[in-house]
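Please look through the sequence and the structure below before reading on.

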Amino acid sequence: MEKPKEPSFSAVLCTLREKIMTNSKKKKKYVAQNQKSAYLFILPSMIILSVFVFIPLIASFVISITDMNIFMKDVSFVGLKNFTRLFSDNRVSNATFNSLYFTLLEVPLQVGLALLLTVCLAKNNRYCKMLRSVYYLPFVCSMTAIGIVWSMLLDPNMGLVAYWLKQAGFETAAFLKDPKFAMPTVIAVTAWKGFGYTLTLLAAAVLNIPQSLYEAAQMDGAGSFQKFIHITIPGIWATISFCIVTTTIGAMQMFDQAYVMTQGGPLNKTETVVQYIYDRGFQTAPYDLGYASAISVYLFVIVAVMTFVLRRFVLKGGEDADA
Amino acid sequence: MRKKIGKITLAAAFGYLFTFLIAVTVLIPILWLLVSSFKTDVGVIKFPPRFFPEEWTLHQYLYVGDSIPIFEMTKNTVIFAGGVTVISLLFDSMAGYAFARMRFKGSKVLFSIILLTMMVPFQIIMTPLYIEVYKLHLLDSYLGLILPRATSAFGIYMMSSFFQGLPKSLEESGRIDGMSEFRIFWSIMMPLCKPALVSLGIFHFMNNWNDLLYPLMLTSSQNKRTLSAGLAVLVGNKVIKYGPTLAATMISLTPLLILYIFCQKYFIEGVAASGVKE
C-alpha cells in the first residue's frame, strides 16, 4: 500500500502562525460513527486542561484580591489592596523597569543579529547548513547550564573570557557582579543563547521566497542591497514580526537567566517581575500568595497590552513594506 | 566589471569571516565546559586561567556524587521529562484525532478554547497551580510534576493538523472491518504519524528537561529536584566547588546534545514551535 503524504512539520507551523497572527479559521471534518467515543478521546486532555489551566487562570484573579499566604489559613478578601500596594512598592517599579530594559535591548539584539546572519547564511550549501546547526546548539542547552558556564567564564577573578578581554586591552568590569554591567551581560548571554533559534525561523522563511523574484529583480538591474530591501524583507516580514512578538513575550517573562547568574542582584539591578513574583510567593516569608498573584495579573496586563500594540505596529509595518 | 567582482568577493569574504567568528563564539563556552570538566580542582581555579587542562583527570566525574546528588537528579529528570513526553504524546494525539476526524457537539468551541490557552503565560497560573498541587498532596512528587503537563494545547493543535492531512478512506476501511474507534486510532492512524510524534516528543522532552521555574516551584526537597532546578539552587547557594559543578553541568547537557546530534532535523522542526507556546 502506498504511504499517504503527510503535511510537513513546518507547514503545520506556518498555518499555526497564520492562525495566531490573523485569527483566520477554516475546517473540514469527517463524520464519526458515534459521538460518545469522540468525547472519550478528548476526555483526558480536557480534564487536565480544565484542572491545571482553566481553573488556575480564573483562580489567579480571585487570589489576587485576597491576603492568602502559603499556609492558606484565615484567608479574607481585601479588595484591591494588593493592587494599591503594588503601585507604591519600589521593588515592583524597579522590576518593571528591569524587565522593560531587558526586553527593549535583548529583542532587537537577538532578532537583529539573527537577521544579519540570515543574510549570510540563507543558502542550502554545506557550510551554511553546518553553521546554522552550530548556532542552534546553545538553544538546546538549559539556561541553568548556560548560566553556570557564563558566570564562570566571566568571573572577574578566574574567568577565562574575562581574562582574555583584559589581555586584549579592554578595561573589564566585574560583569555580573557590577551593578552597571550585570543587566547588559545577562542580555548578551540571552541573545547568545537564542539567536540561533530566531535564525532558523528566518532562514527557513528566506529559503521559501521564490527564486524567480530575485531573477526578475536581477533583470531590472537591482543590486544585492536593493534585492534585500525590496524582496527579502517583505518576503519574510510575517516571520520577522512573529519573532519580534514571541521574543518580546518571552523576554517580559524572563526568569531563568537572572535566577541562575545573578539571583536578581547586584542591588536588585537584574531582578525581573517574574523573579519578584517568585520571591514574594515562594522564597521569602511570609510567602504572600495573594500579593504574588496580584503582581502576576499586573504583568499579564502589561504583556497583553505590549503584544496588542506590537502586533498592530509590526503587522502594519509589514503592509507598508509591501507597498 | 572587474571592480564589481572584486566587491562581491570582498563582501563574501567578510560574510565568511563574520559567520565563522560567531560560530567560534558559540562553540567556545560549550567546548570550555567539556574540557574543563576534566580539570583537577587546582586546574579549575588556576590563575591565569587556561582553556585546556594541564592535567586531564576523571576525578570530577568520579566524585561528583559526593557533593551533588547527581544520580537522583538525573533519575528525576528522566522520569519527569520522559513521563511527560510519553503521556502527553498519547493524550495530545487522542484529542487531536477527535478534533480532526470526528464530528461532535461543541467541538468547534472546545477547540477554540484550547487554542486560546496557548496564549496564557505560565506565571499567571503559577500560584494557583501550586496551591492545587499542594491540596492534592502531590507537591514534591513525580505525579505532581507530570500531571499538570500531561497534555498541551500546542500538542493537540499540532496532532490535529497532521490527522487532518490523512485520507479518510483509511478509517472507513477499518470501520468496514468492524474495528473499534480506538483500534482504528491506535493501529491505523497512529503509525502514520511517526514523524509528527517524534518532533512533538522531542519538543516536549527538551522543554521539560530544561525547564527551571516549574520544577523549582513544585519540588522542595533536594532529592526530588530535576537537574536544571537542582543545579541552579546548589550553584546559587555557592556551596559547591567549581570542579563538581562543571562535571554535573556537563552531565545535565549530554543527553540532549547526543540526541541533537543524531536527530537534528526533528529537533529543529519540533523546537521551532516553542515560540508559539510562550
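Predicted model: local features only at pLDDT ≥ 70, side-chain atom pairs only at ≥ 80, totals over all residues.

Residues are numbered from 1 along each chain as its sequence is written, chains are lettered from A and ligands numbered from 1 in the order in which they are written, and side-chain values use heavy atoms, with hydrogens and water left out.

Chain A has 13 helices and 0 strands. Helices (H or I, at least four residues) and strands (E, at least two) are DSSP runs, numbered from the N terminus. Of the 323 residues in chain A, 53% are buried, where buried means under 20% relative accessible area, exposed means over 50%, and partly exposed is in between (1.4 Å probe, protein chains only). The accessible surface of chain A is about 15,500 Å², and carbon and sulfur atoms hold 64% of that area. Such areas come from the Shrake-Rupley method with a 1.4 Å probe; for residues, only the protein chains shown count as cover. A contact means heavy atoms within 4.5 Å. Among the contacts in chain A between residues at least 6 apart in sequence, 68% join residues at least 24 apart.

Helix 10 of chain A, residues 224-252, is not straight along its length. The helix has 29 residues, yet its end C-alpha atoms are only 36 Å apart, short of the 42 Å that a straight helix would reach at 1.5 Å a residue. The expected span is 1.5 Å times one less than the number of residues. Where does helix 10 of chain A bend? The bend is at Trp237(A) and comes to about 60 degrees; this is the angle between axes fitted to the seven residues ending there and the seven starting there.

Chain B has 16 helices and 0 strands. Its radius of gyration is 24 Å, well over the 19 Å that the globule rule gives for 278 residues, so chain B is more spread out than a compact globule. The radius is taken over C-alpha atoms, and the globule rule is 2.2 Å times the number of residues to the power 0.38. Along the principal axes, the C-alpha atoms of chain B fill a box of roughly 75 × 75 × 35 Å. Buried residues make up 55% of the 278 residues in chain B. For contacts in chain B with a separation of 6 or more, 70% are between residues 24 or more positions apart. The accessible surface of chain B is about 12,300 Å², with 69% belonging to carbon and sulfur atoms.

Salt bridges come next. Over all chains, the whole structure has 10 of them, a salt bridge being a side-chain nitrogen of Lys or Arg within 4 Å of a carboxyl oxygen of Asp or Glu. One of them joins Asp41(B) and Lys241(B), at 3.1 Å from N to O. Asp41(B) lies in helix 2 (residues 41-45) of chain B and Lys241(B) in the loop between helix 13 (227-236) and helix 14 (242-262), so the pair ties together parts that are 200 residues apart in sequence. Asp41(B) is partly exposed, at 29% relative accessible area, while Lys241(B) is exposed, at 52%.

Arg101(B) and Glu171(B) form another salt bridge, with the closest N and O atoms 2.5 Å apart. Arg101(B) is in helix 4 (residues 70-101) of chain B and Glu171(B) in helix 9 (residues 169-176), so the pair ties together parts that are 70 residues apart in sequence. Are these two residues buried or exposed? Arg101(B) is buried, with a relative accessible area of 0%, and Glu171(B) is buried at 3%. In chain A, salt bridges link Arg91(A), Glu271(A) and Asp279(A) in a network.

Some single residues remain. Ser296(A) sits in helix 13 (residues 289-322) of chain A and is buried, at 1% relative accessible area. Apart from neighbours within four places in sequence, Ser296(A) is in contact with Ile277(A), Gln123(B) and Ile124(B). Thr198(A), in helix 8 (residues 182-207) of chain A, is buried at 0%. Not counting residues up to four places away in sequence, Thr198(A) touches Gln110(A), Val111(A), Ala114(A) and Cys243(A).
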